[in-house]
Amino acid sequence: MVLFPFAEYWWFYGAFLLFVLLMLALDLGVFHRKAHDVSFKEASVWSVVWVSLALLFNFILYRYSLWKFPQDERLMAIPDFNPDLAAWNVSLEFLTGYIVEKSLSVDNIFIFVMVFAYFSIPTKYQHRVLFYGILGALVFRAIFIAMGSALMQWQWIIYIFGAFLIITGIKMFFVHNEEIEPEKNFLIRIFKKFMPVSPKLDGKNFFSKIDGRWHATPLFIALLFLEATDIIFAVDSVPAIFAITSEPMIVFTSNIFAILGLRSMYFMLAGVIDKFHLLKYGLAIVLVFVGLKMVWLNDVFGGKFPISWSLGIIVGVIALSIVGSLIFPSRVSKTEPPC
C-alpha cells in the first residue's frame with residue numbers, strides 16, 4: 001500500500017515543484033545573474049546549502065509522517081501497522097535514495113568535465129549550461145519516475161529492472177571509460193540537419209545570428225549532449241532508487257534534491273575527480289546490490305530487505321571506495337580539469 005498516494009498528496013507535488021522553481025530562479029537570477037568563474041569556496045557553500053535543504057526536508061517528512069500516519073484510518077486498518085516504525089522507515093528510505101542518487105551522479109561529473117573540455121567551454125559559462133541542463137534533467141526524471149511508478153505495479157517489471165541493474169553494474173565494473181564523441185551522438189546529428197552550428201562561442205548565448213541566419217553555438221551543443229547523456233543515466237538511476245523504495249513521492253523528492261546539488265558538486269570536484277578512481281567500482285557494486293534486492297533479497301526477507309541494512313551497505317561501499325582511492329592513488333589521469 002502506498003503511504004503517500006498522489007490523489008491525496010497532489011498539493012504537495014505542486015508545492016514542491018514551486019519550491020524547486022523558486023530556488024532555481026534565485027540561483028540563476030540573483031546569485032549567478034552575471035557570468036563568472038565559480039570558485040571552490042562558492043561551490044562548497046552551495047553544496048552545503050543543497051545537502052542541508054535535503055536533510056531538513058527529510059526531517060520535516062519524518063515529523064509529518066509521525067503526525068499523519070496515526071490519523072490515517074486506511075493505514076491503521078492494516079494489521080500490525082506501526083506508525084512510528086513506518087515514519088522512521090520513510091526517513092531512512094529518503095536518505096538511502098538520496099545517497100544512491102548523489103553517488104551515481106558522480107558519473108555525470110566525469111561527463112561534464114570531458115564535454116566542457118571537448119567544446120572548450122570557459123568556466124564562467126559552464127554554470128549556465130549546467131543550469132539549463134539540470135532544468136531539463138528535472139523534467140526527464142519526473143517523466144521516468146512517473147513511468148516507473150506505473151510499471152512497478154507488475155511484479156515481472158521489478159525483476160527486469162533488477163536484472164538490468166545487475167548487468168549494468170557488472171558492465172561498469174569491467175568496462176573502461178570510453179572517449180566522448182559528441183559528433184557521433186544521434187540527437188546532435190539530427191539537430192544539425194535542421195539548424196547550422198557555429199564553430200565559435202558567442203559569449204553566454206546559445207544561439208547567434210550569422211549572415212541573417214540563426215546558428216547554434218557550441219554552448220548549446222554542449223547542453224544538448226548533456227541532456228542526451230542524462231537520459232541515459234536516468235535509465236540506471238531511476239530503477240536503482242525504486243529498489244530502495246516503492247513510494248513515488250520519496251523517489252521523486254530524493255532524486256530532485258540529488259540533481260539540484262549536482263552543479264555545485266561539479267565545480268567543487270571537477271579538478272580532483274580523478275583522485276576517486278575507485279569510486280566507479282564502488283558504484284558498480286551498489287548497482288549490483290540494489291539489483292539483487294529487487295530480484296532476490298526482498299523475497300528472502302519476506303518482501304522487504306531491511307532499509308537500515310541497505311543504508312549501511314551502500315554508505316560502507318561508497319566510503320571504502322573513496323578511502324581506497326586516496327590510499328591507493330591512480331597513476332593515470334583520465335580527464336582534464338575544467339577550462
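Is Asp-72 buried or exposed? I started my notebook with this one, keeping in mind that the model is predicted.

**Entry 1: Asp-72**
I looked up the accessibility and found that Asp-72 has a relative accessible area of 9%. Buried means under 20%, so Asp-72 counts as buried. I then checked where the residue sits: Asp-72 is in the loop that joins α2 (40–68) and α3 (73–76). Next I looked for a partner. A polar atom of the Asp-72 side chain lies 3.0 Å from the backbone nitrogen of Arg-74.

**Entry 2: a nonpolar patch**
I turned to the surface and found a nonpolar patch made of Val-139, Phe-140, Ile-143, Met-147, Leu-151, Trp-154, Trp-156 and Ile-160. Together these residues have about 780 Å² of accessible area. Which helix gives the patch its largest share? I found that α6 does, with five residues. Both α6 (123–151) and α7 (155–174) supply at least two residues each.

**Entry 3: helix α9**
I finished with α9, which runs over residues 218–242. At 1.5 Å a residue, its 25 residues should span 36 Å, and I found the end C-alpha atoms 36 Å apart, so the two agree. I also noted a kink of about 35 degrees in α9, centred on Ala-234. How many of the 25 residues of α9 are buried? I noted 22, so this helix is mostly covered.

Methods:
Residues numbered from 1 in each chain as written. Predicted model: local features only at pLDDT ≥ 70, side-chain atom pairs only at ≥ 80, totals over all residues. Heavy atoms only, no water. Helix = DSSP H or I, 4+ residues; strand = E, 2+ residues; numbered from the N terminus. Expected span 1.5 Å × (residues − 1). Bend = angle between axes of the 7 residues up to and from the residue. Buried < 20%, exposed > 50% of the residue type's maximum accessible area, 1.4 Å probe, protein only. Patch = residues over 30% accessible without salt bridge, like charges linked within 9 Å, V, L, I, M, F, W, Y side chains within 5 Å. Areas by Shrake-Rupley, 256 points an atom, 1.4 Å probe, with all protein chains shown as cover. Salt bridge = Lys/Arg side-chain N within 4 Å of Asp/Glu carboxyl O. Polar contact = N/O pair within 3.5 Å; in protein donor to acceptor, adjacent residues only side chain to side chain.
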